Amino acid sequence: MRHAHTVEQVRAAEAELAGQPLMDRAVAGLAATCARLLRERRGRVYGSRVLVLAGSGDNGGDALFAGAALARRGAAVSAVLLSPEKAHRAALAALRATGGQVTTDQNVGLADFARADLILDGIVGIGGRSGLRPAAAPYATAPRTGLLVAVDLPSGVDADTGEVAGAALRADLTVTFGTHKPGLLIDPGAGHAGPVQLVPIGLRPPAAPVQALQHADLAALLPRPGAESDKYRRGVLGVRAGSERYPGAAQLVVAGALHGGAGAVRYLGRPGAEVVRRHPEVLLGDGRVQAWVVGPGSGEATVEALDATLAAEVPVLVDADGLTELARRGPGALAGRTAPTLLTPHTGEAARLLGGAATAERCAAARLRTARELADRYGATVLLKGSTTVVARPDGTARVNPTGTSWLATAGSGDVLAGLAGALLAAGLDPFDAASAAAYLHGLAGRLAAAGGNRLPFGSVHSTVGDRGEAPVTARQVAAALPAAWRNATAPQGGSQQDAAGLGD
Ligand SMILES: NC(=O)C1=CN([C@@H]2O[C@H](COP(=O)(O)OP(=O)(O)OC[C@H]3O[C@@H](n4cnc5c(N)ncnc54)[C@H](OP(=O)(O)O)[C@@H]3O)[C@@H](O)[C@H]2O)[C@@H](O)CC1
Ligand SMILES: [K+]
């Protein structure tokens with residue numbers, strides 16, 4: 001499991017260790033990573049051109065000290081100060097002592113930025129507030145050919161939420177200290193961070209409010225049938241989805257559920273005969289179920305379907321048309337529920353559920369806040385779909401999904417996810433685990449389907465951008481790839497594609 005802590009928690013954990021050389025450890029890790037990158041890119045550190053962007057606090061101090069360490073190994077290091085009168089004194093002195101050049105002229109800084117082999121972004125770290133200031137903003141868009149390493153987090157990204165107010169630096173790699181920050185795991189911030197490397201510095205923060213599953217966590221969560229299992233123990237999922245107008249949604253929900261481990265699927269909806277023709281395993285008509293999925297493509301049947309499922313004393317996953325109807329009814333519609341509810345909106349549906357001034361764009365820009373607010377208002381677990389899928393509980397605890405590919409933004413992909421998450425609910429996982437495990441498995445299946453027979457590039461499981469060598473996928477292909485994803489995640493040694501970029505903390 002990756003754990004991400006808020007700035008307030010990091011500050012408190014840091015205070016407990018006051019007097020210990022936290023900064024030395026941070027700088028040692030940062031300098032070692034930069035040296036490795038330079039060796040990989042240029043063969044050696046000696047003679048490389050390094051630029052340090054230094055702001056007014058300890059984040060600038062880390063970057064300047066690391067610059068000094070690289071200068072001692074023969075790199076030509078220059079620093080541009082964005083807040084000259086407040087620059088970290090000891091770190092500046094250390095850089096100067098190695099012969100490093102220091103400037104306050106932003107034109108010189110921008111020229112160095114263009115030609116440096118490696119740039120250290122030490123403008124601002126966890127002390128940052130409300131976006132980049134004007135002196136730093138040009139570095140967000142200035143041309144460069146070298147690698148940019150963000151110190152602790154990319155400047156301009158909000159550490160607690162991943163929100164970006166205005167411009168932010170875009171890193172090739174982020175070296176973060178002590179613990180992950182939520183803003184490194186959630187878009188748009190995650191997109192600015194690139195791969196994240198954690199340098200342990202001895203912090204002992206409390207329980208993390210934001211987590212990201214890893215392969216081993218998924219393997220521990222996924223149900224495994226025992227010798228005594230029958231279809232009822234493995235979980236029967238009831239599906240009220242699809243309509244004459246949208247028969248495909250029913251097929252895809254059922255496919256997601258069957259490939260996602262449901263013991264059986266009971267289908268209640270109009271295109272029943274068609275569903276059984278495609279999936280002969282499906283049961284039709286009323287009967288015992290352990291969870292419901294309601295809403296995908298349910299069209300004119302939605303009102304009745306929502307009434308029936310919300311009255312049931314088993315977990316219910318509400319998606320698509322079901323969410324639009326729920327938005328019309330408001331949070332009170334869930335007040336009498338005795339079993340958990342899981343809502344799986346995309347940002348447009350989230351905006352409808354929130355009402356008021358909420359828009360899809362605003363919800364996408366503030367994913368963590370949106371998921372938490374919805375979970376709080378509706379008293380339900382919420383899986384907010386998108387470039388970073390966020391799962392939030394009413395108490396505010398959240399999980400962010402590290403798997404996926406932009407190819408998953410395809411028609412019907414959400415129907416497959418609903419069926420899969422429904423199958424895990426029916427198997428007895430609580431909604432938080434069911435939703436986060438389903439998002440992880442669905443993202444991994446998307447990657448495997450997009451890669452076809454090719455192996456995923458080493459260490460790329462937790463990249464959510466469509467990579468080279470990947471092809472477009474259909475929702476059916478994603479459903480069909482779920483067993484491969486399941487095998488991949490549960491294979492001995494934590495899965496053959498286990499992330500290899502040092503993210504398994
Ligand atoms: N915590 C830990 O365990 C460890 C932390 N370590 C390191 O310390 C870093 C935190 O250092 P920090 O507290 O000095 O804050 P930091 O981010 O450098 O900002 C400083 C000042 O910047 C300013 N400023 C604010 N917003 C701004 C903006 N948008 N754009 C520009 N400037 C802005 C504002 O000052 P102002 O100008 O308003 O007076 C603010 O006070 C942390 O990220 C990590 O790198 C490690 O060394 C080891 C262990
Ligand atoms: K930074």
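**View 1. Helices α11 and α20 side by side.** From α11, look for Leu-252, Ala-255, Gly-256 and His-259. Their counterparts in α20 are Ala-475, Arg-476, Ala-479, Ala-480, Leu-482 and Pro-483. Sorted by class, this contact of α11 with α20 holds 7 nonpolar, 2 polar and 1 charged residues. Please keep in mind, here and in every view below, that the model is predicted.

**View 2. Where domain 1 touches domain 2.** The domain assignment of the protein gives domain 1 as residues 2-212 and domain 2 as residues 225-494. Taken over C-alpha atoms, the centres of domain 1 and domain 2 are separated by 38 Å. Domain 1 brings 13 residues to the contact, and domain 2 brings 14 residues. On the side of domain 1 that touches domain 2, the elements giving two or more residues are α7 (182-185) and β9 (210-212). Which of them gives the largest share of that side? β9 does, with 3 residues. By class, the side of domain 1 that touches domain 2 has 8 nonpolar, 3 polar and 2 charged residues.

**View 3. The shell around ligand 1.** Here you can find the 30 residues around ligand 1, of which Gly-57, Asp-58, Asn-59, Gly-125 and Gly-127 come nearest. Three helices, α1 (7-16), α2 (22-42) and α3 (58-72), each supply at least two residues of this shell. The most comes from α3, which gives 4 residues to the shell around ligand 1. By class, the shell has 13 nonpolar, 11 polar and 6 charged residues.

**View 4. A parallel sheet of 7 strands.** To trace this open sheet, follow the order β4-β3-β2-β5-β6-β7-β8, with parallel pairing. Which strands stand at the edges? They are β4 (101-103) and β8 (196-199), each with a single partner strand, so one side of each has no neighbour in the sheet. From one strand to the next, the twist averages 20°. At one end of the order, strand β7 (residues 173-177) runs parallel to β8 and is joined to it by 4 bridges. For a pair to look up, take Thr-176, whose bridge partner in β8 is Leu-198. Helix α3 lies across β2 (49-54), β3 (76-81), β5 (118-122) and β6 (147-151), and runs at about 160° to β2.

**View 5. A mixed sheet of 11 strands.** This open sheet has mixed pairing and the order β1-β9-β18-β17-β16-β15-β14-β13-β10-β11-β12. Its edges are β1 (2-4) and β12 (283-284); each has a single partner strand, so one side of each is left without a neighbour in the sheet. Within the order, strand β15 (residues 341-343) and strand β16 (residues 381-384) pair in the parallel sense over 2 bridges. There, Leu-343 has Val-382 in β16 as its bridge partner.

**View 6. Two backbone details in loops.** Start with the loop between α7 and α8 (189-193), which is the place of Pro-188. A cis peptide bond joins Asp-187 to Pro-188, with omega about 5°. Then move to the loop between β6 and β7, where Asp-152 has its place. What is phi of Asp-152? The angle is near 70°, a positive value in a residue other than glycine.

Technical notes:
Residues are numbered from 1 along each chain as its sequence is written. Chains are lettered from A and ligands numbered from 1 in the order in which they are written. This is a predicted model: local features need pLDDT of at least 70, side-chain atom pairs count only at pLDDT 80 or more; totals for chains, interfaces and linings use all residues. Two residues are in contact if their C-beta atoms, placed from the backbone, lie within 7 Å. Ala, Val, Leu, Ile, Met, Phe, Trp, Tyr, Cys and Pro count as nonpolar, Asp, Glu, Lys and Arg as charged, and the others, Gly among them, as polar. Domain bounds come from an automatic or database domain assignment. A residue is near a molecule or strand if its C-beta atom, placed from the backbone, lies within 6 Å of it. Two strands pair if DSSP finds at least two bridges between them. Axes are lines fitted to C-alpha atoms, for helices over the stretch in contact, and angles run from 0 to 180 degrees between N-to-C directions.
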